[in-house]
Amino acid sequence: MVKLTVVMPCYNEGTRIYKNLIETVTQIEKFCDSFRILAVNDGSSDETESEIKRASLQDKRIGMISYPNNKGKGYAVRRGMLAAKSEYTAFLDADLELPPHMLEAFLKKAEGLEEGDKNKYDIVIGSKMHKDSQVDYPFVRKILSAGYFTFIKILFGLKVKDTQTGIKLFRTEKIKPVLELMRSGGFTFDIEMMAIANKMGLTITEMPVIVNFSRNKSDKSKISMKSVFVMARDTLRVRKHVSKIKV
């Protein structure tokens, strides 16, 4: 069995996706000799699909799932993870703001091989709010993140501080039943996944991350009141759905 599948949701990534896929292979092969990269083309309207194909011709460990209509990051991640046939499955944002080599530490954490913590975990998630994370992002966003953490803690009883960072690793056999119960396709898919997993008794832990921002500071800061409202509304919808799940 393959050790690790890394799912990478892709939407209009243009020509950079070729370079990023090859770079992901280069980083992961340094610590894992049995892996697959599965790029999911989420209905891109540019050259993303052809560039993924070009990368897969360059390295047979790169595979692709593609469909014509954009369905959202959550759908793309679930589609890829459900197709995984490996001991562990991870997902990683295609822009590589979160370096793939961090998955080495995530794997060690999941397997109970980290120094000082011999517990094994079903889910290991990256957290920008971890005390050891190397992140530079606006003060306003830090305040909003802290407020959102309090919000989801009240709603779901989650102890993790950051559900939204785009790097997570799972024991495949444990996460697939969770994926089958999910229905969110938007940004709330992370929260829904963690909430259902928590309800099913899966063990979850957080790891620090290094973030290499590829956007400028103005891009990082654009958070409108409308987007805050939509986040709150959709999170409440997830709470309603999760509350109906019987485990």
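Predicted model: local features only at pLDDT ≥ 70, side-chain atom pairs only at ≥ 80, totals over all residues.

Colleague: How many aromatic pairs does the structure hold?
Modeller: There are 3 aromatic pairs. Take F91 and F170: their ring centres are 6.1 Å apart and the planes meet at 25°, which is under 30 degrees, so this pair counts as stacked.

Colleague: Where do F91 and F170 lie?
Modeller: F91 is in strand β4, residues 86-92, and F170 is in strand β6, residues 167-171. The pair therefore ties together parts that are 79 residues apart in sequence.

Colleague: Is F91 buried or exposed? And F170, buried or exposed?
Modeller: F91 has 0% relative accessibility, so it counts as buried. F170 is also at 0%, so F170 is buried too.

Colleague: OK. What about F91 and F189?
Modeller: F91 and F189 make a tilted aromatic pair, with 5.7 Å from centre to centre and 50° between the planes. F189 belongs to helix α7, residues 189-199, while F91 is in strand β4, so this contact links parts 98 residues apart in sequence. Both residues are buried.

Colleague: Which residues form one aromatic cluster, then?
Modeller: F91, F170 and F189.

Colleague: Switching to charges. What sits over the ring of Y18?
Modeller: The charged end of R54, at 3.6 Å from the ring centre.

Colleague: And over the ring of Y75, what sits there?
Modeller: That would be K71, whose charged end is 5.4 Å from the centre of the Y75 ring.

Terms used
Residues numbered from 1 in each chain as written. Heavy atoms only, no water. Phe/Tyr/Trp six-rings, centres within 6.5 Å; stacked < 30°, edge-to-face > 60°. Helix = DSSP H or I, 4+ residues; strand = E, 2+ residues; numbered from the N terminus. Buried < 20%, exposed > 50% of the residue type's maximum accessible area, 1.4 Å probe, protein only. Lys NZ or Arg CZ within 6 Å of the ring centre and 35° of its normal.
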